[in-house]
Amino acid sequence: MPDLSPILLSLKLALLTSFVLLVIGLPIAYALSIWKSKAKIFVESLVSLPIILPPTVIGFYLLILFNPTSPIGSFWINITGESLSFSFFGIVLASVIYSLPFMVQPLQSAFENVGFEIREAAASLRASPLDVFIKIVAPLSKRGFLTASILTFAHTLGEFGIILMVGGNIPGRTKVMSIAIYEHVETLDYNQAHILSGMLLVFSFCVLFLIYTFNRRHPLNVG
Amino acid sequence: MSDKLKINILKKLGRITLNVNQTLPSKGITVIFGPSGSGKTSILKLLSGFMRPDSGIIQMNELWYDSKNKVNVPAYKRPIGYMFQDGRLFPHLNVLQNLEFAKKRASKAMPLDEIISAFELESLLSEYPSVLSGGETRRVALARTVLSAPEILFLDEPLIGLDRARKRSIIPFIENLVKKFDIPCIYVTHDIEEVCRLADHVMLLSSGRVKDFGSLDEILPQLDVATLDTDTKLSSLFSGMIISQDKEFSMINVDIGGAIIKVPGVSRRYSGKKIFIRINADDISIALVPPKKISIQNCIEAMIVGISVDVQSPYALVKARFSDLEITARITRAGVKSLKLTEGKTIYMLIKSVSFDSHL
């Protein structure tokens with residue numbers, strides 16, 4: 001029987017990260033989809049950084065930011081009494097930054113696919129920008145929301161480097177599935193490593209299979 | 001009652017600069033006519049707030065835009081309706097939901113059932129836009145725009161891409177907008193048939209500038225080859241009067257400037273009614289003596305006032321005058337040479353076919 005705690009912790013982390021990113025990523029993605037200024041490229045590059053940056057680099061900078069002597073780290077200790085580094089909230093924050101592009105990019109392209117033409121038509125019928133988003137853009141971007149949420153969830157589930165650096169390996173707090181696998185391999189407990197790795201492998205395949213099936217069945221944002 | 005629409009705007013658009021200073025009437029249909037790239041659609045975008053002028057003023061009752069006082073009312077707060085080229089129905093809503101979207105946000109209650117029946121949409125209400133034909137899409141889009149209770153309606157080439165028969169079936173619905181719902185329209189097109197059929201006033205636009213503005217009658221003589229787009233055939237336009245009908249052969253006799261033209265067709269209009277005649281430059285042949293024993297019904301005696309020859313092409317344009325009207329024919333350069341055509345020469349123009357656009 002495998003230790004369930006890393007599995008539950010991973011699920012909790014992935015769910016929370018997806019939810020937080022939906023709230024933060026949505027306005028960023030919408031702004032990027034309608035933004036025409038040159039600053040757009042700057043923000044787009046910034047948002048996409050975590051895709052190519054080594055997790056250790058992000059982890060290193062976050063570790064410095066989370067340090068109790070830094071402004072952010074000391075602020076967190078003042079209001080919660082706990083350190084940000086090596087805490088569950090610390091790895092949530094790290095995951096939010098690390099998975100940001102996986103939420104923003106699919107949403108942005110879904111919003112862009114709706115097109116300014118349809119938004120103009122809605123505005124000409126006296127729909128305010130918020131009204132246009134809720135009644136026209138969001139329903140036409142259903143697929144984008146689904147893809148973005150699933151990708152974010154799955155990507156967070158597979159995180160390793162950043163969590164190891166920012167969170168360490170504390171059972172029940174920061175020891176998620178990928179860290180547990182690493183530890184099992186280090187201690188030559190291949191049985192346990194097989195179980196957890198197999199679960200992640202099957203899960204990841206199913207997620208991608210679902211996304212591709214869904215995209216094929218609903219090629220257009222119609223009806 | 002809505003006020004006139006005052007426009008005084010400047011906007012740089014790539015190669016041309018749009019510079020329009022014009023007050024548009026608050027009744028009937030004002031057509032903005034001009035070749036592609038003259039800035040027609042951009043005017044509508046600027047008026048509706050989808051594009052921002054570099055400077056100037058736009059005003060209808062209230063100020064919509066004023067660069068000096070930094071007023072720029074966003075599109076969704078302007079009391080406009082906008083009918084786009086492709087209809088732009090919301091693809092995730094069915095026809096009825098598309099209509100209700102507009103009705104819910106209208107500044108005053110509009111009669112949904114009356115509008116559905118006016119645009120003959122009863123059988124389409126539960127359909128989604130992806131299954132509608134081009135003509136049906138335009139009708140739904142028109143109805144949707146009317147339901148938003150606009151004080152002025154902008155129509156951007158609303159019939160583009162439809163075949164002639166479809167176009168003719170949609171035009172009465174547009175006429176209805178003005179007659180039944182009393183909404184003034186600004187109508188952008190480069191189709192001469194739509195101008196003749198629908199316009200009360202015409203604004204001629206060329207490279208971003210207003211070349212002329214006036215009633216259709218005043219502008220008509222200027223709608224000649226020079227202003228036409230390449231995809232509109234070269235043609236001469238005349239306003240004429242029906243003088244009699246030949247019911248046996250289904251022909252109408254029309255007086256244009258003293259010359260009588262026989263036009264095939266039956267008109268429901270009475271004698272004495274005005275009618276617009278269009279003669280394509282390619283449908284005219286030229287003879288030096290009045291021909292006899294020929295099937296062509298219309299022959300006009302005229303005097304050549306100009307010949308323009310393009311050595312790159314096999315054709316030449318011959319402009320001739322009869323009464324005080326001008327007509328343009330396109331014949332081959334070889335024809336010009338063999339008949340020895342020159343300015344001042346009297347010719348007989350044989351007109352192979354004539355079309356007419358009635359204006360209600």
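This is a predicted model: local features need pLDDT of at least 70, side-chain atom pairs count only at pLDDT 80 or more; totals for chains, interfaces and linings use all residues.
What covers the buried residues of α9(A)?

Residues are numbered from 1 along each chain as its sequence is written, while chains are lettered from A and ligands numbered from 1 in the order in which they are written.

Chain A comes to start. It holds ten helices and zero strands. Helices here are DSSP runs of H or I with at least four residues, strands are runs of E with at least two, and both are numbered from the N terminus. The C-alpha trace of chain A spans about 65 × 45 × 30 Å along its principal axes.

How confident is the predictor? pLDDT is its confidence in each residue, from 0 to 100. Chain A averages 90, and 96% of the residues score at least 70. Within chain A, helix α10 (residues 190-217) has the lowest mean, 88. The highest, 95, belongs to α6(A).

Now burial. A residue is buried if 20 or more other C-beta atoms lie within 10 Å of its own, exposed if 12 or fewer, and partly exposed in between, with C-beta atoms placed from the backbone. Of the 223 residues in chain A, 38% are buried.

Back to helix α9 of chain A, residues 177-186. Its buried residues are A:Met177, A:Ser178, A:Ile179, A:Ala180, A:Ile181 and A:His184. The cover includes α1 (4-34), α7 (142-157), α8 (161-167) and α10 of chain A. After α9(A) comes A:Leu188, with a positive phi near 60°.

Next, contacts. Two residues are in contact if their C-beta atoms, placed from the backbone, lie within 7 Å. Take contacts in chain A between residues at least 6 apart in sequence: 72% of them join residues at least 24 apart.

Chain A also touches chain B. The contact involves 16 residues of chain A and 18 residues of chain B. On the chain A side, α5 (88-124) and α6 (129-140) are the elements that give two or more residues. α5(A) gives the most, with six residues. By class, that side has nine nonpolar, four polar and three charged residues. Nonpolar means Ala, Val, Leu, Ile, Met, Phe, Trp, Tyr, Cys and Pro; charged means Asp, Glu, Lys and Arg; the others, Gly among them, are polar.

On to chain B. Helices α4 (residues 134-147) and α5 (residues 164-181) of chain B have axes that come within 10 Å and cross at roughly 10°. So α4(B) is roughly parallel to α5(B). Axes are lines fitted to C-alpha atoms, for helices over the stretch in contact, and angles run from 0 to 180 degrees between N-to-C directions. Under 35 degrees counts as roughly parallel, over 145 as roughly antiparallel, 65 to 115 as roughly perpendicular, and the rest as oblique.

Last, the sheet. Five strands of chain B form an open sheet in the order β16-β20-β17-β18-β19, with antiparallel pairing. Two strands pair if DSSP finds at least two bridges between them. The edge strands are β16 (284-287) and β19 (325-332) of chain B. Strand β17 (residues 298-309) pairs with β18 (residues 315-322) of chain B over six bridges. A hairpin of five residues joins β17(B) to β18(B). Six bridges also join β17(B) to β20 (residues 346-351) of chain B. There, B:Cys299 stands opposite B:Leu350 in β20(B).

Notes
pLDDT is the predictor's confidence in each residue, from 0 to 100.
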